[in-house]
Amino acid sequence: MAAVALIEAITMALAHELEHDPSVLVLGEDVGINGGVFRATAGLAQRFGDDRVIDTPLDETTIAGLSVGLAAQGMRPVAESQFDGFVYPMLDHLICHAARLRTRTRGRMTCPLVLRVPWGGGIRAPEHHSEANETMFTNVPGLRVVMPSSPHRAYGMLLAAIRDPDPVIFFEPKRIYRQYKEEVADDGEALPLDVCYVLREGRDITLVSWGAQIKETLEAADALAKEGVEAEVIDVATLRPLDFDTIRESVAKTGRCVIVHEAVRSGGFGGEIAARLAEHSMFDLKAPVLRVTGYDTHIPLFRLEMKFLPDLARILDAARRTLAYD
Amino acid sequence: MSVAASFEIPFLRYLEADGRLSGAALPAFARDAQALVEPYKLMTLTRSFDAKAVALQRTGKLGTYASCLGHEASHVGVGMAMRPEDVLALSYREYGAQFARGVQPREVLLYWGGDERGSDFSGPPHDFPFCVPISTQCLHAAGAALAFKLRGEARCALAMCGDGGTSKTDFYAALNSGGAFNLPLVLVVVNNQWAISVPRSAQTGAETLAQKGIAGGLHCVQVDGNDYIAVYDAVSQALQRARDGQGGSVIETITYRLSDHTTADDARRYRDEAEVKDAWQREPLIRLRHHLVGEGVWDEDKEKAWLEECARRVDEEVNAYLAVPPPPVQAMFDHLYADPPPDLLAQRAEAMAREVR
Amino acid sequence: MSELKTFLLPDLGEGLPDATVVEWFAKEGDLVRLDQPLVAMETAKAVVEVPSPCSGVLRRVGGAAGAVIITGNLLAEFELDPSLPQRAEGHDTGHHHGGAAPAAAAPATPQAEAPTAPSEDDGDGDAGTVVGAMQSSNQVRQEAAVSVGGVKAMPAVRALARKLGVDLSRVQPSGPDGAVTLADVKAAAAAPPPSQTTPPRPATTQPPVRQDVASAATRTALSASGKPMRTQPPGVGASGQPEPLKGVRRNMARVMADAHTKVVPTTLCDDADIHAWRHGNDITVRLLRAIVAACRTEPALNAWFDGDNLTRTLHPHVDVGLAVDTEDGLFVPALRNADVLDARGLREAADRLVAQVRARSLPASELAGYTISLSNFGKFAGRYATPVVVPPCVAIVAAGRGRHQLVPVPGGVETHKVIPISLTFDHRVCTGGEAARFLRALLDDLALPD
């Protein structure tokens, strides 16, 4: 068993499926000999050949459209959008076709594709390389929207995504691509989608997050523990379909909830969770549900970037505000 | 100065508008006129169906419908030239191609009648359903062709789009992919001269639409789209070339949209009636019929009998369509995911419960 | 007087702690211009040319050729020449790409990173970002399994259990330290235990895994020749299959054995005469009420005892542990505040607890913390019993099957309904007198009409 970073766990998962399932193929820009601009596909073309790991022409529409065609005809394409900010031309094929082929043809035709998207800010990149745009997809029926927050979950959830009979948008929080390493067995064991992962148990407050902010959320839980407050930390992991039961049960226990996401506040996915809590957990709540999010601005260039992203201090402020309600 | 590259776009026609031979030697399949009777009959059936569908819409029995009037040779020619194992990725008008491949008219009616079950059609299960976002089917066909190539299958993917469709990003992306990966891909551009109200001349500066394929390194040819023999010939040659691993093609069929864009459109707002009347002179059924009659394999009695048979069959299909009850409310929720999540199932139950009240 | 500028050795892009001077391109006293090559430094991977951060006279070098300079220590000192172009003091862009270091190295001011954060690119080799700068570290972290309600499992295991609808408390753990593994959950999902209660499971589940007694038709007591039949060939031990205990049953085995080693049990038995009961009395409610009355009279039995520290805690409230029998085993949920609830409240509480047990929706915390227990086994059979006291409690009341018996009264004989009552107490901490007084109060309350 090796200690691997999140990005390496992704490579492991891709290699595993390329080896065990001949219908799986990887396609995108620079994924072949270059191994991907983040090295997610490092070594794969060399190992599996350029008819399994395919460098496409420079066009996101092409990548998305080819993937729909491939998937509809029995392949399992794992496509890559080189960056989050480049995903928009793909929306047409993903929303109009990938998400709909099964329902459009009453199950005669299906679309088991995966789109991997390096996601989110915090790496001091140029414009359009730091978008947290999960809500482009969380409102689309027929898609799954998935985001791991650790190497082990990245490995297991990518396996599950590739094996899923329906299209999956797989967001990879690039800020934590190499943040730490974790022992991950290359055993082909998929982890479940459609469920939240409770990373930390606690009685006093529920902290809900996903992606790179899991890092700061766990740090907030540690800081709160020093003050005698036990926080329960929930990694949503699959945004669509949402496992709301786990969140509801946690809030029934704690009565307090803070949602942390780096995406823009208004229209962000935290609103969906807050609305469901208002609907189902009204009488369990001891305090308003607070959201710690990016502001309603575009993520600024890197000189201000870290002020846009939710940080430990802002999470703790919100947590303490909810705890102050009696 | 030397020349870096040059190109020629061949043009194919075997039958003149009035059915006389144009002078080019007929391809092998067309030399026995009897072999052309079946496609002629299918073209006629398609037209009968089409007229009936428009009538259904005008009488409130069908939603908006896109007529294929005038396109019969282009559509049926494509459908007949393809093999069952090939994949068709069409737009939303090419019923003649679908019927040639086994789709039933009642299924087309179901689709325009607002029922998804129409897309779960008879015929090849690997054919793509109607595709509304323009030309996106061209990229899907490219993806299918890539799958065939990777798996070493002797199958082709064929996409059909219109003249307006050749302006779309996806069309260029598809022909580029076709050339970059040397795919067994055939793009058939049915140039009916109109993209709703925008004439062909406003779509592009290119002299022909076929030559757009040159930019992707594909074989390109233009044909008289109202000449069944020319269409069948060009398509079958392109498919064979693709099957032999010699790459993809763009085939532009020149035809005319004798109807409105859809039943929600009124073409008189933007085009001259005289132009339409003129186009009728070149329509596909007349010329093939004249050829068949001239060859002694068809006559007025056969025509009359066949039209009656078409009417009977179309009525049967229409009645079958009208007899289909509306789908139950839960159909909305079914087939969204292989494994429906619990909150979707809860909504499904809620919707079903409302039905009982 | 000219300004002096100190140039500290910057992080040359690979997160290394130091670098070695290879060659100075200027000597002390020389005038050096901004960006002019100043010195060649060798890191673990490459020789990097460091340009001058300013224009001025080189006054001091931090070390001669061959010297090792620690990152952040003095590399060179300049006397600035104001007549020549200088660079503004900007901040470090923080971009350090993996692989070959560029000729233009980081500017003079070292970046201020939070001390606890991993340094930029201290991971190995190619960090592969065509744009941007990513934090990279070789630090290995491991998520821990967390114990909740006695069940230890990693987050991924809990998530899978939720996905597959598996109750973790009923899964046999096979992982290290008694943790439940993914494989355990999958096995539990594939072969569910015998169905517990309503509602019935859908047809897709497998039939219960249970050792059924072989039907009589396939087994005979006599062989064909009329000799008694063995049930097993010689040398074979059991004919059934050993089945590991799971969940509550497993727990009970452990808890009872533990209680047996600690408690010194003594039991008093008697009958409660309920002849006077008016119609509509609920036996469970009356038993609970009687226990409350007895606790008020004799608080010594409503207590917790710590045998290790020899402390006794008398409780001001009465929470009754109510024994509930299920196919999976014994559950004892706590009926809180029995001393405050009225008859209807007691009934509702008891009903709710039983329903929650049947639905397995009771949190683990509600299966503990009661101050005294009640076991009503009288539904089926049995008069008197020696029920088990489970620490930290000191007493348990058991009620057997009600019966009628002849009771002599002045002037004759009557038929009275009685309920047999058994009271076990821990003689380490309660006296017989306390127990007897408790029992008296219990029986007196039970004898009341309502």
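This is a predicted model: local features need pLDDT of at least 70, side-chain atom pairs count only at pLDDT 80 or more; totals for chains, interfaces and linings use all residues.
Let me begin with strand 9 and strand 10 (residues 151-153) of chain C, which run antiparallel and are joined by three bridges; strands here, like helices, are DSSP runs numbered from the N terminus, with at least two residues (E) for a strand and at least four (H or I) for a helix. Two strands are said to pair if DSSP finds at least two bridges between them. Within this pair, Val146(C) stands opposite Ala153(C) of strand 10.

Residues are numbered from 1 along each chain as its sequence is written, chains are lettered from A and ligands numbered from 1 in the order in which they are written, and side-chain values use heavy atoms, with hydrogens and water left out.

The two strands belong to an open sheet of three strands in chain C, with the order 9-10-11 and mixed pairing. Its edges are strand 9 (146-148) and strand 11 (179-180), each of which pairs on one side only. Helix 1 (residues 155-164) of chain C packs on this sheet and touches strand 9, strand 10 and strand 11, and its direction makes about 110° with that of strand 10. Contact means heavy atoms within 4.5 Å, and the angle, on a scale from 0 to 180 degrees, is taken between N-to-C directions of axes fitted to C-alpha atoms, for helices over the stretch in contact.

What does helix 1 of chain C give to the side of chain C that touches chain A? Helix 1 gives the most to that side, with seven residues. The contact as a whole takes 35 residues from chain C and 40 residues from chain A, and the two chains bury about 3100 Å² between them, 55% of it on carbon and sulfur atoms. Buried area is the accessible area (1.4 Å probe) that two parts lose on being put together, summed over both. Met134(C), Arg141(C) and Arg162(C) supply 19% of the area that chain C buries against chain A, more than any other three residues.

Between chain C and chain A the count is six salt bridges, a salt bridge being a side-chain nitrogen of Lys or Arg within 4 Å of a carboxyl oxygen of Asp or Glu. One such bridge joins the side chains of Arg158(C) and Glu201(A), at 3.4 Å from N to O.

Turning to chain A and chain B, 41 residues of chain A are in contact with 44 residues of chain B, and about 3400 Å² is buried between them, 63% of it on carbon and sulfur atoms. Gln73(A), Arg106(A) and Arg108(A) supply 25% of the area that chain A buries against chain B, more than any other three residues. Across this interface the rule finds three salt bridges, and the side chains of Arg276(A) and Asp343(B) meet in a salt bridge at 3.0 Å, N to O. The largest share of the side of chain A that touches chain B, eight residues, comes from helix 3 of chain A.

Finally, a search of the whole structure finds 69 salt bridges over all chains. In one of them Asp127(B) meets Arg101(B), with the closest N and O atoms 2.8 Å apart. Asp127(B) lies in the loop between helix 5 (105-112) and helix 6 (136-151) of chain B, and Arg101(B) in the loop between helix 4 (95-100) and helix 5, so the pair ties together parts that are 26 residues apart in sequence.
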